[in-house]
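We'll go stop by stop, picking one piece at a time.

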Amino acid sequence: MSYSEKVIDHYNNPRNVGSLPKGDTAVGTGLVGAPECGDVMKLQVRVNPETGVIDDAKFKTFGCGSAIASSSLATEWLKGKTLEQALEIKNVDIVQELSLPPVKIHCSVLAEDAIKAAIADYKRKQQDGQ
Amino acid sequence: MLRFPIYMDNHATTPVDPRVLEQMLPYFTDRFGNAASRNHSYGWQAEEAVDVARKQVAELIGATAKEIVFTSGATESDNLAIKGAARMYREKGNHLITVVTEHKAVIDTCKHLEKEGFDVTYLPVKRDGLVDLDRLRAAITDRTILISIMAANNEVGVLQPIAEIGKMARERGVLFHTDAVQAAGKVPFDVNASSVDMASLSAHKMYGPKGVGALYVRRRNPRVLLTPIIDGGGHERGMRSGTLNVPGIVGFGKAAAICREELATESARVTGLRNRLSDGLRRELDEIYINGSVEHRLPGNLNVSFAYVEGESLLMGINDIAVSSGSACTSATLEPSYVLKALGTSDELAHSSIRFGLGRFNTEEEVDFVVQKVSAVVKRLREMSPLYELAKEHEEVKIRG
């Protein structure tokens, strides 16, 4: 398996590894994938309540180098975006940016799912809070 | 001085020993003859060299020279043994027994025979990777003609109780084939002590060249007959036609002779290295699991799962070490190793597994480097793993609760 330079860079220098407080109402958490499939991604966003803009994003990933790179890239892209803009991030954008081979496309799909799950969790919290 | 990448994948293949290469070289140039040429010295020279090699290979496994059939490698040997015996003894019965953890060369050959109308029993293994002898005994019927069970597994290094299996097969009048590719030259292996009727061997797993293997075919008590799978000039007593790969065979012979001479000291040394690796990793890391029996195991094998870390990402982090992973993130099905699954290893831990294969040219210095490197990368990846985080949270809850 040969990886693109960008995948290797994200693997060696992952952006935004870590966790945000799950209980915080400003934080949305997405946990997708399954360990038995070899991929689990946890992606979190913190939304500024005043502006509605994502001001922080963190991830933790169990998976191959492409899965790590996909989630690392996703957190980079999420910062500074509104929720609507964030939902426009598609897996094909990740595939293109990281030059993922066909066998690794599922990693990008998982990253897109993680973004959606994190935002859905955030929205649920806002509704529950009202 | 360390040379990178450090090679610890000796179950996949081994480098040719310089002593083997030296022996082979003249047979590419000056002594290029065809061993089947009867009319000149080039042919005689080649034939003589093949005779010496045949004896060397035979001596490694306690056989006689006439019982060695040279092939292109162990995949061909497995095919010849299983298809050849099944087709030869079809009148006697149509039932074969093998084990789910066999190499694909055996499993796929059996599947092929199923299409030809044979019945095949694929026995499960116990948690430690060993076949359950009671289940094997119960599986034998009066229609069983062949049992094929490997001597040592290529992924987890588990040694099957082949002497007991051979005895059982002999008592029931069933032929016993063993894929001895990983075992021969690494642990004592004697076809008579283990009542083996056929054994597959490969040169490149014992510091010989690629593209040459052998099938041991018993000639006495009982005399085993095989239907050939390759027709042609009737080489190898009609069992395997095709011009002999003389340089390869010469190398195979020399490789076998070295293995035989050095087996006792080498197996002790390699076991020492393997234990050093295992102890070192366990000192540095918690939650690592060795797959397969520790007691019944090849000297050079360590198959270990690093919980919470996916194997392929681990390989990426240790790219200055050549090993292999039980994870198969690239396959469409995302199926991890079928061998580990057969041992009852969870998919999660199978995805987290690495196979270390130590061999003749590994050193303590290399092992120490590997321990440090692997431990550092596992720790880093665990810090990035949501599963590790969840497990730690769970532990805290348990402690508090």
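Start by selecting chain B and colouring by burial: 52% of its 401 residues are buried (20 or more other C-beta atoms within 10 Å of a residue's own, with C-beta atoms placed from the backbone; exposed is 12 or fewer, partly exposed in between). Bear in mind that this is a predicted model, where local features need pLDDT of at least 70 and side-chain atom pairs count only at pLDDT 80 or more, while totals for chains, interfaces and linings use all residues. Residues are numbered from 1 along each chain as its sequence is written, and chains are lettered from A and ligands numbered from 1 in the order in which they are written.

Now colour chain B by domain, using bounds from an automatic or database domain assignment. Domain 1 is 6-11 + 263-400, and domain 2 is 18-259. Their centres, taken over C-alpha atoms, are 31 Å apart. Where they touch, domain 1 of chain B brings 21 residues and domain 2 of chain B brings 22 (contact: C-beta atoms, placed from the backbone, within 7 Å). On the domain 1 side, select helix 7 (246-284), strand 10 (301-306) and helix 9 (338-342) of chain B, each supplying at least two residues.

Which elements of chain B give two or more residues to the side that touches chain A? Pick helix 8 (311-317), helix 10 (347-351) and helix 12 (386-400) of chain B. In total, 17 residues of chain B are in contact with 21 residues of chain A.

Last stop: helix 2 (residues 65-78) of chain A. From first C-alpha to last it reaches 20 Å over 14 residues, close to the expected 20 Å (1.5 Å times one less than the number of residues). Here 12 of the 14 residues are buried, so helix 2 of chain A is largely enclosed by the rest of the structure. Among them are A:Ile68, A:Leu73 and A:Leu78. Step past the helix to A:Gly80, where phi is positive, near 90 degrees.

Technical notes:
Two residues are in contact if their C-beta atoms, placed from the backbone, lie within 7 Å. Helices (H or I, at least four residues) and strands (E, at least two) are DSSP runs, numbered from the N terminus.
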